Amino acid sequence: MKLLVTGGAGFIGSNFIRYYFKAHPDAQIINVDKLTYAANLNNLSEFESRPGYRLVRGDIADARLLEDVFDTPLDAVVHFAAETHVDRSIANARDFIHTNVLGTYTLLDISRKKRIGRFLHVSTDEVYGSLAPGDSADEQSSIQPNSPYAASKAASDMLVRSFWHTYRFPAVTTRCSNNYGPYQFPEKFVPLMITHLLEGKKLPVYGDGLHERDWIFVEDHCRAIDRVLEAGRAGEVYNIGFGHPVPNLEIVRRLIRIVGASEDLIDHVADRPGHDRRYALCTTKIRRELGWEPRVGLQQGLAATVEWYRANPAWVASTRSGEYLAYYEKFYSHRDASLAQL
Ligand code: NAD
Ligand code: TYD
């Protein structure tokens with residue numbers, strides 16, 4: 001398979017590339033990434049000189065860039081690139097609309113014109129909005145996004161749906177719950193709590209901390225994407241989740257116990273505006289149809305994640321120093337690259 005991966009220098013994209021090369025050693029991957037603040041080339045340094053891997057720095061909303069990239073024959077597109085942090089979308093959603101909506105449209109448009117045989121759109125459970133206790137969203141549930149981030153992802157999902165309906169463009173959408181694991185930018189909940197714990201800092205829990213998320217270990221998500229890429233039906237949506245939503249406070253308490261710190265560090269801070277109370281997914285479809293199951297339990301996954309952050313302080317420092325942004329400059333932009341070599 002020759003894949004175009006977008007956003008492969010971010011958290012899930014880089015875990016996916018690592019997973020995919022391991023599972024399919026002969027694969028070829030072109031990674032188109034704008035290298036925003038959320039990207040980190042250290043996530044992929046082990047592949048820099050690997051034959052069959054190529055990074056192209058660029059924006060998925062740039063049709064000319066995509067034209068160049070699509071000059072090479074591709075089997076499938078796996079679309080991760082997005083602005084992803086809810087708090088940033090609350091402060092200013094412009095980049096979210098640019099990348100998640102216009103970027104997805106640009107990518108869909110050229111993928112259709114180039115007759116790509118498979119397009120996997122990576123979406124989120126947040127498009128279903130907040131669910132009452134006991135409820136869970138299946139793939140037919142209504143889309144009720146509540147944050148500007150979720151709204152921009154819902155808009156991209158609707159574009160994907162329209163391309164299938166209108167052109168029979170062979171796209172499939174996955175909607176996964178909250179991920180955690182290695183290489184996650186430490187503004188997100190789990191790595192933020194871990195890095196604060198390792199540094200003895202307070203743990204900022206929004207509101208009462210009883211908001212529930214269905215945490216899944218990133219490698220289980222990557223395996224699900226691989227499975228959907230292989231056997232998911234075009235035009236369909238597949239929910240992906242662990243299956244046990246837990247309150248944020250429980251995650252914080254588990255992390256505190258793993259690190260061996262004190263619960264006195266918990267600091268209830270002002271709540272996020274419009275904060276969704278509960279996400280929960282019905283994942284029967286992917287389990288029954290594609291035989292996928294998560295393998296990593298919550299305690300095991302959290303312990304492995306703490307271990308990774310403990311073992312990689314230089315990576316954490318790099319996300320904060322901005323030094324890695326300068327490091328990017330040693331990489332060419334697509335206009336300097338010889339795309340014929342891709
Ligand atoms: P991330 O923020 O860690 O990484 C996003 C990547 O996209 C970065 O490398 C960034 O440089 C790149 N990017 C941003 N704008 C771009 C543009 N215009 N052109 C090209 N590249 C661009 O995100 P993540 O957590 O890895 O999420 C990846 C995907 O998975 C997103 O689509 C997100 O909505 C979805 N998702 C994430 C989660 C989660 O818990 N993190 C859960 C479900 C779904
Ligand atoms: P986050 O990682 O931002 O994911 P999302 O909002 O997309 O689900 O946050 C996960 C949960 O953790 C969410 O309920 C908000 C909460 N949270 C905190 O309590 N404190 C924090 O510092 C952050 C970043 C999040």
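Mentor: A backbone N or O atom of Tyr 206 lies 2.8 Å from an oxygen atom of ligand 2. Keep in mind that this model is predicted.

Trainee: Which other residue has a backbone N or O atom by an oxygen atom of ligand 2?

Mentor: Phe 189 does. Its backbone atom is 3.0 Å from an oxygen atom of the ligand.

Trainee: What does His 275 place 2.7 Å from an oxygen atom of ligand 2?

Mentor: A polar side-chain atom. Now look at area. Ligand 2 exposes 510 Å² when taken alone, and the protein buries 96% of that.

Trainee: How many residues surround ligand 2?

Mentor: The shell has 19 residues. The closest are Glu 126, Pro 204, Arg 213, Arg 272 and His 275.

Trainee: Which helix and which strand each supply at least two residues of that shell?

Mentor: Find helix H6, residues 189-198, and strand E8, residues 203-206.

Trainee: How many residues of each class does the shell around ligand 2 have?

Mentor: Nine are nonpolar, five are polar and five are charged.

Trainee: Let's turn to rings. What describes a pair of aromatic rings?

Mentor: Two values: the distance of the centres and the angle of the planes. In this structure the count comes to 19 aromatic pairs. Take Phe 163 and Phe 169. Their ring centres are 6.2 Å apart and their planes stand at 80 degrees.

Trainee: Why is the pair of Phe 163 and Phe 169 called edge-to-face?

Mentor: Centres within 6.5 Å make a pair, and planes over 60 degrees apart count as edge-to-face. The planes here are at 80 degrees, so the pair is edge-to-face.

Trainee: Is Phe 163 buried or exposed? And Phe 169, buried or exposed?

Mentor: Buried means under 20% relative accessible area. Phe 163 has 4%, so it counts as buried. Phe 169 has 3% and is buried.

Trainee: How is the pair of Trp 308 and Trp 315 arranged?

Mentor: That pair is edge-to-face, with 5.2 Å from centre to centre and 75 degrees between the planes. Trp 308 and Trp 315 are both buried.

Trainee: Which residues do ring pairs link into a cluster?

Mentor: Tyr 105, Phe 119, Phe 163, Tyr 167 and Phe 169.

Trainee: One more feature. Where does the charged end of Arg 168 sit?

Mentor: Over the ring of Trp 164, at 4.4 Å from the ring's centre. Now find Tyr 238. Lys 285 lies over its face, 4.8 Å from the ring centre.

Methods. Residues numbered from 1 in each chain as written. Chains lettered and ligands numbered in written order. Predicted model: local features only at pLDDT ≥ 70, side-chain atom pairs only at ≥ 80, totals over all residues. Heavy atoms only, no water. Phe/Tyr/Trp six-rings, centres within 6.5 Å; stacked < 30°, edge-to-face > 60°. Buried < 20%, exposed > 50% of the residue type's maximum accessible area, 1.4 Å probe, protein only. Lys NZ or Arg CZ within 6 Å of the ring centre and 35° of its normal. Near = heavy atom within 4 Å. Polar contact = N/O pair within 3.5 Å; in protein donor to acceptor, adjacent residues only side chain to side chain. Areas by Shrake-Rupley, 256 points an atom, 1.4 Å probe, with all protein chains shown as cover. Helix = DSSP H or I, 4+ residues; strand = E, 2+ residues; numbered from the N terminus. Nonpolar A, V, L, I, M, F, W, Y, C, P; charged D, E, K, R; others polar.
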